[in-house]
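These are my notebook entries on a two-chain model. I set down what I looked up, one topic at a time.

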Amino acid sequence: MSPELIIAIIVTVVGASTPILIAALGELVVERSGVLNLGVEGMMLVGAITAFVVVFLTGNHYLAILLAAAAGLGTSLIFGFLTLSLSANQTATGLALTIFGTGFSALAGQGYSARPVTLLGPLFPSELATHPIWRVLFGYSALVYFALIMVVAIWWFLKKTRAGLILRAVGENDLSAHSIGYSVIGVRYLAVMFGGAMAGIAGACFPLLLTPQWAERMTAGRGWIAVALVVFASWRPFRLLAGAYLFGLVMTMELYAKAGGGPLSVVPSELWAALPYLATVAVLVLISIRRDASTNAPACLGKPFLPSN
Amino acid sequence: MQFRLEKRREPSKVMVYATPVAAVVLTMVVGAIIFSLIGYDGVGAVREIFLTPLTNSFKWQDLGVKAAPLIIIGVGLSISYRANVWNIGAEGQYIIGGLAATWVALATHGMTGWWILPTMFVAGMLGGAAYASIPALLKTRLNVNEILTSLMLTYASVQLIYYLVRAPWKDPMGMGFPQTRIFSEAARLPTLIPGTIVHLGVPIAIVVALIAWFIMSRSVFGYRMRVVGAAPHAARYGGFSENKTIWLALLVSGGLAGMAGMLEVAGPFQRMVPGFPTNYGFTAIIVAFLGRLNPLGVIFAGIVMAITFVGGEVAQTTIGLSSSATGVFQAMMLFFLLAGDILIRYRIKRVVPAAEVRA
């Protein structure tokens, strides 16, 4: 393999990983607060169609990202209201949110398919990225750097700040947090909204970063992979980064296999397409064999908070 | 005026049955308003989606054919969810069931005999159950979350269809289309009423639901599933093994999803095509909840869901509404249902502020 090809692969891997990483970071914060939102895929689709329509109408990529975040946040409020205010079943509500996001985005995107938009260009001026090596560092769009900054920011927030400590306390022992005087429901609302905004931005990555068009269900289960990655990373941001790039690598291999030629095309392209999902299962198995994965899970994950009982 | 939630002494029986009905009605009302607000013919959409399939007798056969797989899969899921086992990969088990039945149909191509359809039926159920046994094995042995594994396997199974119809199972006379050859007469489900599309799967769905209702309410198996789901600690004291329950829940729900897959491929499809996954497995999740995880309720919920599917197609042709609007209506129904669940455990009380009392 030539150095150019290796660099091209690295750049593709980083791009493919970014939406999964952003969505998974949001879900990590949500789960650390003790809430399991399985609606990531639906919120991503709402973000994706919002970003597409905005960039199609205005051509402004950053406005598109901002409004995609707002749309994701708005969608997450449905989940928040049902599960936090009405203490509905989180699993069922999350599934309903994904069904809703899939239907809503398809409805809103009617008539927008096969219309091209432009991708979000690199953040740094192209002079910085003339040499291939520099491309690996400076050749990406703002979304890629945003994802990396958020890894550090969320790690710092959870580990070093008082607010992060409160969030973890709410996820580990909601009754104690409540008796000290913290608003369990309030903290969880904020976490769910943050997760929604991140899922919206993750959805925006699809039309702005990967394929410059709208297609129904274009997130293709990546939201679910993000949920799985949070478990894989045992709720730690830096492990999430490693996991997301690993999955980006698997997905990039599919692209190269489909493009034909080379040793990858010996295997049917459908197997490559199925690989990220099979790899998720394999990874879940591996972490379970290595140690009890659930030991690091927030103790209150998925349980509704009912102080009056 | 302010309202407050007050806990009921015991769960309300009335609300258990009233909330699904209220959810459907609210979906129609709120749906009409929202769709009008965003620039569609809201009232027309609700009329076409919810009422036309009922008033137009030509659509009744479509209702039966669409409801059958939803009921069969929904019954399985309701049993599984009762036991707190979250199989959300029914779509994948439906696909593998359909593929297993296709394999039998292709292997017996050109043959005749009464035994072909029953063999396909068994193959479909075994295929679905086998696929569901992967999450069951991983859950019981390694405590791997069954939600994620069953769902990931669904995405993988879609690729398996694509591969099989593109290469080994491709119809040699199909002019390059990625699909299998059409099944022989002996491998196709007979239609029950001549001149309609109503096939054997429709009565089978009703029978499946009735048997499941009987088993769930009258047998030790049903008792086990309900107790493990509602009170896992008590179940452990009572000697019900949690692992055995997980296995049973996944095998039953997977087997029924596989049965639905067989009935679909041998009935409406009559061959395997890339478009075989039609989201019945996902919609059946809503059906199970709307039916209150009760097999008899699932019959009604399956029919309601079938109405929205058939109505969605009607609305597409009559008022040009995208078929994806159906998904929005279905999700809204589930939202309202989940929101209404709180009324089973709580009642709404009006709070009179102190100032108002004095005045």
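To how many helices and strands does the secondary structure of chain B come? I count 15 helices and 2 strands in chain B, where helices (H or I, at least four residues) and strands (E, at least two) are DSSP runs, numbered from the N terminus.

**Entry 1: conventions.** I note that this is a predicted model, in which local features need pLDDT of at least 70 and side-chain atom pairs count only at pLDDT 80 or more, while totals for chains, interfaces and linings use all residues. Residues are numbered from 1 along each chain as its sequence is written, and chains are lettered from A and ligands numbered from 1 in the order in which they are written.

**Entry 2: chain B overall.** I looked up the radius of gyration, which is taken over C-alpha atoms; the globule rule is 2.2 Å times the number of residues to the power 0.38. For chain B the radius is 22 Å, close to the 21 Å that the rule gives for 359 residues, so chain B is as compact as a globular protein of that length. Its C-alpha atoms fill a box of roughly 85 × 55 × 35 Å along the principal axes. Of its 359 residues, 52% are buried; a residue is buried if 20 or more other C-beta atoms lie within 10 Å of its own, exposed if 12 or fewer, and partly exposed in between, with C-beta atoms placed from the backbone.

**Entry 3: one residue of chain B.** I then turned to B:Gly124, which lies in helix α5 (residues 116–142) of chain B. Is B:Gly124 buried or exposed? B:Gly124 is buried, because 33 other C-beta atoms lie within 10 Å. Beyond its neighbours within four places in sequence, B:Gly124 is in contact with residues including B:Gly97, B:Ala101, B:Gly258 and B:Met262; two residues are in contact if their C-beta atoms, placed from the backbone, lie within 7 Å. I also note that B:Gly124 and B:Ala260, 136 residues apart in sequence, are 8.0 Å apart in space, C-alpha to C-alpha.

**Entry 4: chain A overall.** I find 12 helices and 0 strands in chain A. The radius of gyration of chain A is 20 Å, close to the 19 Å of the globule rule for 309 residues, so chain A is as compact as a globular protein of that length. Buried residues account for 51% of the 309 residues of chain A. Among its contacts between residues at least 6 apart in sequence, 79% join residues at least 24 apart.

**Entry 5: a helix pair in chain A.** The axes of α2(A) (residues 40–58) and α3(A) (residues 61–85) come within 8 Å and cross at roughly 150°. Axes are lines fitted to C-alpha atoms, for helices over the stretch in contact, and angles run from 0 to 180 degrees between N-to-C directions. That makes α2(A) roughly antiparallel to α3(A); angles under 35 degrees count as roughly parallel, over 145 as roughly antiparallel, 65 to 115 as roughly perpendicular and the rest as oblique. Among the residues making this contact are A:Gly42 and A:Val46 of α2(A) and A:Leu67 and A:Ala71 of α3(A).

**Entry 6: chain A against chain B.** The contact takes 38 residues from chain A and 34 residues from chain B. On the side of chain A, α4(A) gives the most, with 12 residues.
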